[in-house]
Amino acid sequence: HYPSDDELNMRINYLSNVIFEPINSHSKIAKLGIESKEWMLFTYAFSTYAFTNIAIHDTQYKKSVIPIIKEAITKSQHNFIRKEYKENTGYKLDSFKTNSVLYLGHLNLMMGCFRLLSNDSSFNKLNDSLSFWLFEKYNNSKFLTLESYPSNCWIPDNTVALASLK
């Protein structure tokens with residue numbers, strides 16, 4: 001059964017605390033990164049997807065989850081997170097310095113979720129640029145898959161990136 005409001009609020013509050021926590025070597029995110037560098041990004045991404053689902057299911061949550069999602073997207077672009085995907089030099093909207101569909105797909109889907117819920121255009125230009133970039137990469141891909149890591153393609157990562165184009 002669907003969680004009660006009390007249960008949802010408890011979960012939202014916990015994830016909000018994790019997401020708004022400053023990123024440093026002692027943060028909860030950094031501790032997750034000891035186990036797996038991907039878990040840092042996944043915490044922000046999967047929380048965004050859950051919050052989006054909750055807000056669509058029950059619009060009373062929309063106002064409270066939008067700022068949390070915005071922070072999750074911002075934190076996902078932090079060098080501490082993106083360096084694992086060889087994205088160390090910052091974004092130029094016309095040129096991405098990584099080919100990691102894992103990283104770029106999740107980032108793009110997070111921004112799409114934010115756009116779905118909010119009129120805030122903070123990420124629109126980056127979302128549009130990244131969507132175009134992914135579309136072009138897929139359009140020119142021999143097998144319609146992109147690399148998660150050099151010479152490694154993972155279907156789930158490509159599924160996220162393709163969903164982000166929707």
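Residues are numbered from 1 along each chain as its sequence is written, and side-chain values use heavy atoms, with hydrogens and water left out. As the model is predicted, local features need pLDDT of at least 70 and side-chain atom pairs count only at pLDDT 80 or more, whereas totals for chains, interfaces and linings use all residues.

Helices are DSSP runs of H or I with at least four residues, numbered from the N terminus. Helix H6 covers residues 101-117 and has 17 residues. The distance from its first C-alpha to its last is 24 Å, close to the 24 Å expected at 1.5 Å a residue; the expected span is 1.5 Å times one less than the number of residues. Of the 17 residues of H6, 14 are buried, so the helix is largely enclosed by the rest of the structure. Here buried denotes under 20% relative accessible area, exposed over 50%, and partly exposed the range in between (1.4 Å probe, protein chains only).

A search of the whole structure finds four salt bridges, each defined as a side-chain nitrogen of Lys or Arg within 4 Å of a carboxyl oxygen of Asp or Glu. Among them, Lys70 pairs with Asp120, with the closest N and O atoms 2.7 Å apart. Lys70 is in helix H4 (residues 62-76) and Asp120 is in the loop between H6 and helix H7 (124-139), so this pair ties together parts that are 50 residues apart in sequence. Both partners are partly exposed, Lys70 at 29% relative accessibility and Asp120 with a relative accessible area of 25%.

Another salt bridge joins the side chains of Asp128 and Arg115 (2.6 Å, N to O). Because Asp128 belongs to helix H7 and Arg115 to helix H6, the pair links parts that are 13 residues apart in sequence. Asp128 is partly exposed with a relative accessible area of 42%, and Arg115 is partly exposed at 32%.

The side chains of Lys75 and Glu71 also meet in a salt bridge, at 2.9 Å from N to O. These two residues are four residues apart in helix H4 and are therefore separated by about one helical turn. An α-helix has 3.6 residues a turn, so residues three or four places apart point the same way. Lys75 and Glu71 are both buried.

Five aromatic pairs are counted, where rings of Phe, Tyr and Trp (its six-membered ring) pair if their centres lie within 6.5 Å; planes under 30 degrees apart count as stacked, over 60 as edge-to-face and the rest as tilted. One aromatic cluster is formed by Phe42, Phe46 and Tyr49. Leu41 is located in helix H3 (residues 37-57) and is buried, at 0% relative accessibility. The C-alpha atoms of Leu41 and Ile73 are separated by 9.6 Å, with the two residues 32 residues apart along the chain.

On the surface, Phe135, Leu162 and Leu165 form a nonpolar patch with about 260 Å² of accessible area together. Leu165 is part of helix H8 (residues 155-165) and is partly exposed, at 31% relative accessibility.

The structure holds zero disulfides, a disulfide being a pair of cysteine sulfur atoms within 2.5 Å. Cys113 is buried, with a relative accessible area of 9%, whereas Cys153 is partly exposed, at 43%.

Notes. Patches are made of residues with over 30% relative accessible area and no salt bridge: like charges are joined within 9 Å, nonpolar side chains (Val, Leu, Ile, Met, Phe, Trp, Tyr) within 5 Å. Accessible areas come from the Shrake-Rupley method with a 1.4 Å probe; for residues, only the protein chains shown count as cover.
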